[in-house]
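Subject: Structure handover

Hello,

Here is the structure I promised to pass on. Please open it first, then read the notes below it.

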Amino acid sequence: MPHLLDIDALTADGVGQILDEAERLSDSSDMPLRGKHIINFFAEASTRTRVSFEIAASRLGAQVVNIAAGGSSLEKGESLVDTVRTFQAVGAHALVIRHAEPGAPYLAARHFRGPVINAGDGRHAHPTQALLDLLTMRQRFGALQGLRIAIVGDVAHSRVARSTTLALVLCGADVRLCAPPTLLPDPGWLTALPSSSTGGTVSQTTSLREALSGVQVVMPLRMQAERQQGGLLPGLKEYTRIYGITREKLADLAPDTLVMHPGPANEGVEISPELMTGPASLIGQQVENGVLVRMAVLKLLLGASRE
C-alpha cells in the first residue's frame, strides 16, 4: 500500500507483517532511511505520537522536520492542500500528519507523491496507535486470535477505540465496548465493520461487569472533551464511580486482567493512579512499542516508495 491512512486498508496478514517488522527492528542498528526527509505535520496537539515518530525516523537514519499548525502559514489562511504541496516541493519523502478534521490525511495523500501516514484525524482513525496496541498484546499473550479485550469510556468520540477495534476484530479478537449510552457509537457502526475471516467479534454494553467478565485486557479511554457536545454526562464524579477502572473493581470483576491506556490519561477519572504503573500495567510497554511500530511503518512504506 502507498500510505497508511486507516486500519481498514490492511488485511490480517498485513497487520502481522507490520508487527513482525517492528519486533525485528527492536534489535536492529541498520539505518535504511539515511538520506530521506520526513515531515511531521501536527496540526493538533500531541506528545507521545509526535515524539515517537520523530525518534522512529531518527533511528532509521532519516532527517525529521517537525511542524505545528501554530506558527505555520495555516495561521495566515493557507489551505491544507497548499501546505502539502509546499512539503512536496521542498523534497520531503514522507508526510506524517495529525489533524482535527476527519479525512485530512486522505486529502493530503491526493497531493503528496510519497507515503502519507495518518497520526490521528479527528474522531476517525489512529492506525499506528492500534498497531502498537496489538503489538503489546501479542508480546504478552503470544497471539491475538481469541483474545478478549474490554474498551471502556468515551468510545463514541475516540479514534483509538475505532482503529483498535477494527484491528483486533481483523485479527480474531473479541472486543467489548463499554460506556454510558451517550458515549457508545451508533449500533450501525458495528454492522458496518468489515467481516472477519478469523472469527473476531465486537459487542457493546453499558454494564462494566458484563464488559470485564473473562477479559484479559481492559483499556480505559479518556473523555474526549474537545470532540464532545454538552449534556452527555450528568458529571465526571458519577461517571468515575460507575465506569472508572480501579484496583478494587478489577479485584472484584476481573482479577487477572491487564491494563492498557492509549494516553493521555486523566488519572482519577477513567483510571486510578496506582493502575498506571502497577504490576498489571502494560502502559509503559505501549509507549515503547510506539517507536518500534512507527519505525516499521516508515521502513515498509518508504522502502516500497519510488522516491
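Which strands does helix H5 lie across? Helix H5 (residues 127-141) lies across E5, strand E8 (217-220) and E9. The helix runs at about 155 degrees to E8. Contact here means heavy atoms within 4.5 Å. Axes are lines fitted to C-alpha atoms, for helices over the stretch in contact, and angles run from 0 to 180 degrees between N-to-C directions.

Before the rest, some ground rules. This is a predicted model, where local features need pLDDT of at least 70 and side-chain atom pairs count only at pLDDT 80 or more, while totals for chains, interfaces and linings use all residues. Residues are numbered from 1 along each chain as its sequence is written, and side-chain values use heavy atoms, with hydrogens and water left out.

**The sheet**

Helices (H or I, at least four residues) and strands (E, at least two) are DSSP runs, numbered from the N terminus. An open sheet is formed by 5 strands, in the order E7-E6-E5-E8-E9. Their pairing is parallel; two strands pair if DSSP finds at least two bridges between them. At the edges sit strand E7 (201-205) and strand E9 (258-259), each pairing on one side only. Strand E5 (residues 148-152) and strand E6 (residues 174-178) run parallel, joined by 5 bridges. Arg 148 stands opposite Asp 174 in E6.

**The salt bridges**

The structure holds 12 salt bridges (a side-chain nitrogen of Lys or Arg within 4 Å of a carboxyl oxygen of Asp or Glu). Burial matters in what follows: buried means under 20% relative accessible area, exposed over 50%, partly exposed in between (1.4 Å probe, protein chains only).

- Asp 174 also forms a salt bridge with Arg 176, at 3.3 Å, N to O. Asp 174 is buried, with a relative accessible area of 17%. Arg 176 is buried too, at 15%.
- Salt bridges that share partners join Asp 6, Asp 8 and Arg 162 into one network.
- Arg 24 pairs with Glu 21, the closest N and O atoms being 2.7 Å apart. The two are separated by about one helical turn, because they are 3 residues apart in helix H1 (residues 12-25). Arg 24 is exposed at 51% relative accessibility, whereas Glu 21 is buried at 7%.
- Arg 159 forms a salt bridge with Glu 44, with the closest N and O atoms 3.0 Å apart. This pair links distant parts of the chain, 115 residues apart. Arg 159 is in helix H6 (residues 159-170), and Glu 44 is in the loop between strand E1 (37-42) and helix H2 (48-59). Both residues are buried.

Best wishes
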